Amino acid sequence: MLLLMLPIGANAQRLIYNEKAPKIEGKEIITGAKAIKDRPTYIDFFVLDSPQNDEQLKMLEKISNIYNNQMNFILISKDSKEELMKFFEGKNPSYTVLLDLDGRTFKNYNIKFIPFSVLIDKKGVFIWQGKNSTITGSILDQVLK
């Protein structure tokens, strides 16, 4: 069984490695395609007012361009639909932007700080968490095996 851990944040976010990941309850796609079942899913939690947005979005774009045909990449935000549509206007991200306006997914994952990312295997099991700048190709390659 695959077990990838970083020592930071797991207790703060209350996610349990190798257990079923909480449900993603964002209902409205702002841009991108619906997630494909039976694929690993990388989720990046996002808020528009984060000072680390540029770094976060560049890294997500980079990894999603490399692995997009093998994994789902979701940026999930609880900002307003109008703000997100304006922010992504004219952009064509290689990942899906999902609206979590009621904050259920943020609550399900107990998100306390941003940026924060999680990786879920194709069976829906939580296997990695951290800041997206700490994800490596070897971690992503392992989840694809």
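What follows is a walk through the strands, cores and salt bridges of a predicted model.

The model is predicted, so some limits apply: local features need pLDDT of at least 70, side-chain atom pairs count only at pLDDT 80 or more, and totals for chains, interfaces and linings use all residues. Residues are numbered from 1 along each chain as its sequence is written, and side-chain values use heavy atoms, with hydrogens and water left out. Confidence is given as pLDDT (the predictor's confidence in each residue, from 0 to 100). The mean pLDDT of the protein is 88, and 90% of its residues reach 70 or more.

Next come the strands. Two strands count as paired if DSSP finds at least two bridges between them. Strand 2 and strand 3 run parallel and are joined by 6 bridges, with Y42 standing opposite F73 of strand 3. Right-handed means that, with the strands pointing away from the viewer, the path from the first strand over the helix to the second runs clockwise.

Strand 3 also runs parallel to strand 4, with 4 bridges between them, and I76 has L98 as its bridge partner in strand 4. Here the chain goes from strand 3 through helix 3 to strand 4, and this crossover is right-handed too. Strand 1 (residues 28-31) joins strand 4 through 3 bridges, but this pair runs antiparallel; E28 has L99 of strand 4 as its bridge partner.

How many residues of strand 3 are buried? The count is 6 of 6, so strand 3 is largely enclosed by the rest of the structure. Buried means under 20% relative accessible area, exposed over 50%, and partly exposed in between (1.4 Å probe, protein chains only). In a regular strand the side chains alternate between the two faces of the sheet. On strand 3, N72, I74 and I76 cover one side and F73, L75 and S77 the other. Strand 4 is covered on both faces as well, with T96 and L98 buried on one side and V97 and L99 on the other.

Now for the nonpolar cores. Such a core is a set of buried Ala, Val, Leu, Ile, Met, Phe, Trp, Tyr and Cys residues joined through side-chain atoms within 4.5 Å. The largest one has 25 residues, and Y42 and L119 touch the most other members. Elements giving two or more residues to this core include strand 2 (41-46), strand 3 (72-77), strand 6 (126-130) and helix 5 (137-144). Helix 2 gives the most, with 5 residues. Leaving aside neighbours within four places in sequence, L119 is in contact with residues including Y42, M71, W128, I139 and V143. A second, separate core of 15 residues includes Y109, I111, F116 and V118.

Side chains of opposite charge can pair when their charged atoms come close. A salt bridge is a side-chain nitrogen of Lys or Arg within 4 Å of a carboxyl oxygen of Asp or Glu, and the whole structure has 4 of them. In one, R104 meets E25 at 3.5 Å, N to O. R104 sits in helix 4 (residues 104-108) and E25 in the loop between helix 1 (10-13) and strand 1, so the pair ties together parts 79 residues apart in sequence. R104 is partly exposed at 45% relative accessible area, whereas E25 is buried at 16%. R104 also meets D102, at 3.1 Å, and E25, D102 and R104 are linked in a network of salt bridges.

Another salt bridge pairs E55 with K131, with the closest N and O atoms 3.5 Å apart. E55 lies in helix 2 and K131 in the loop between strand 6 and helix 5, 76 residues apart. E55 is partly exposed at 37% relative accessibility, and K131 is partly exposed at 27%.

Note on methods
Contact = heavy atoms within 4.5 Å.
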